[in-house]
Amino acid sequence: MDIPIDLKHLYTILTLRNTGSLTRAALALNLTQSALSHQIRTLEEHYKVSLFIRKSSPLQFTPAGTRLLQLAETVLAELESADRYLADIASGNQGMLRVTLECHTCYGWLLPVLDAFRAKWEDVDIEILPGFQPDPVGLLLQNRADVAIVDELEETEQVNYLPLFKYEMVAILANDHPLTQREYLTADDFAGQTLITYAVPEDRIDVYRRIIRPAKIPTQRRTTELTMSIVQQVASHRGIAVLPVWAVAEYVNKKYVTARSVTKNKLMSEVWLASVPQLLETHYALDFVHIVKNTCLRMLPDIELS
């Protein structure tokens with residue numbers, strides 16, 4: 001479809017309205033009056049209409065000119081808005097942050113982080129992708145997420161990782177469980193036990209990946225979705241669990257369950273923020289990292305900033 005209207009015509013018609021005459025509009029647009037008249041005449045001849053009443057003072061638009069003026073106001077306003085938006089993104093002041101997690105227990109501290117982030121970055125839209133994501137890095141590479149909260153590094157040149165904090169993974173036991181007599185649990189102590197975990201693949205669970213599988217220890221497994229449910233089942237002698245120390249501190253302090261370290265050197269884990277390099281150049285993404293660290297340091301017991 002051949003549409004002769006272009007941006008120069010929209011700027012022209014808007015300038016005519018703002019200045020009120022061909023002479024002043026030509027000066028404002030840095031054109032000769034002849035060149036300006038030619039622009040207008042091209043449109044009028046194509047559509048066989050007049051855009052304004054000649055020799056009217058101030059300039060009066062015809063219905064056709066009024067319609068073109070409405071188009072100019074809409075389109076140019078949208079162009080200016082888009083220009084400001086893109087400039088803000090380039091300066092790191094505006095954009096979108098889609099967050100995905102592979103960590104069930106992270107939801108507890110993420111909500112206060114989002115509150116603090118929104119209060120500071122009102123022009124950045126932030127969204128949490130729902131549910132456990134088995135391949136958060138894949139979502140980044142597919143541009144379905146902007147940042148991922150992960151507890152394991154997946155080496156790739158297309159994704160950068162920023163460390164957030166470290167913490168201990170502790171075993172929790174019923175208060176009268178025989179293993180509470182141990183100072184810490186070894187790999188052999190898991191033999192024959194029922195391990196209660198979140199409903200995620202075993203290779204995403206630290207104690208399986210780093211303790212149980214290397215020692216070839218036979219265990220059974222029960223799964224559930226909620227931390228509270230895991231604690232309740234442990235307290236009811238249905239099994240034992242290994243969870244972040246900060247996720248179970250409240251239950252341990254209230255003596256619902258007992259916590260023990262896993263191995264003499266403790267089972268330590270780390271949370272990372274993964275993202276594509278371009279996003280990490282924006283001010284708001286980098287500030288998101290600082291807000292996570294500061295909020296978690298204030299909220300979560302026994303963590304160590306990375």
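Predicted model: local features only at pLDDT ≥ 70, side-chain atom pairs only at ≥ 80, totals over all residues.
1. Residues are numbered from 1 along each chain as its sequence is written, and side-chain values use heavy atoms, with hydrogens and water left out.

2. The domain assignment, which is automatic or taken from a database, gives domain 1 (7-79), domain 2 (85-162 + 271-301) and domain 3 (166-268). An unreviewed UniProt entry carries the annotation "domain: HTH lysR-type" for residues 5-62, and such annotations may be inferred rather than shown by experiment. Over residues 5-62 the chain is 60% helix and 7% strand, where helices (H or I, at least four residues) and strands (E, at least two) are DSSP runs numbered from the N terminus.

3. The C-alpha centres of domain 2 and domain 3 lie 28 Å apart, and 11 residues of domain 2 are in contact with 14 residues of domain 3, contact meaning heavy atoms within 4.5 Å. The area buried between these two domains is about 1,100 Å², with carbon and sulfur atoms giving 59% of that area; buried area is the accessible area (1.4 Å probe) that two parts lose on being put together, summed over both.

4. In soluble globular proteins, nonpolar side chains tend to be buried together. A nonpolar core is a set of buried Ala, Val, Leu, Ile, Met, Phe, Trp, Tyr and Cys residues joined through side-chain atoms within 4.5 Å, and buried means under 20% relative accessible area, exposed over 50%, and partly exposed in between (1.4 Å probe, protein chains only). The largest core here has 65 residues, and those with the most contacts inside it include Leu97, Trp109 and Phe288. Strand E6 (residues 160-173) gives the largest share of this core, eight residues, and the core draws at least three residues from each of domain 2 and domain 3. Apart from it lies another core, of 17 residues, with Leu16, Ile40, Leu69 and Ala72 among them.

5. Helix H9 (residues 245-253) has several buried residues, including Trp246 and Tyr251. The elements that cover the buried residues of H9 include helix H5 (107-120), strand E6 and helix H8 (227-235).

6. A search of the whole structure finds 12 salt bridges, a salt bridge being a side-chain nitrogen of Lys or Arg within 4 Å of a carboxyl oxygen of Asp or Glu. In one of them, arginine 98 meets aspartate 146 at 2.9 Å, N to O, and this pair links distant parts of the chain, 48 residues apart. Arginine 98 counts as buried at 16% relative accessibility, and aspartate 146 is buried at 11%.

7. Lysine 120 forms a salt bridge with aspartate 287, with the closest N and O atoms 3.0 Å apart. Lysine 120 lies in helix H5 and aspartate 287 in helix H10 (residues 283-299), so the pair ties together parts that are 167 residues apart in sequence. Lysine 120 is exposed, at 53%, whereas aspartate 287 counts as buried, at 11%.

8. Aspartate 206 and arginine 209 form a salt bridge, the closest N and O atoms being 2.4 Å apart; they are three residues apart in helix H7 (residues 206-212) and separated by about one helical turn. Salt bridges that share partners join Glu152, Arg204, Asp206, Arg209 and Arg210 into one network.
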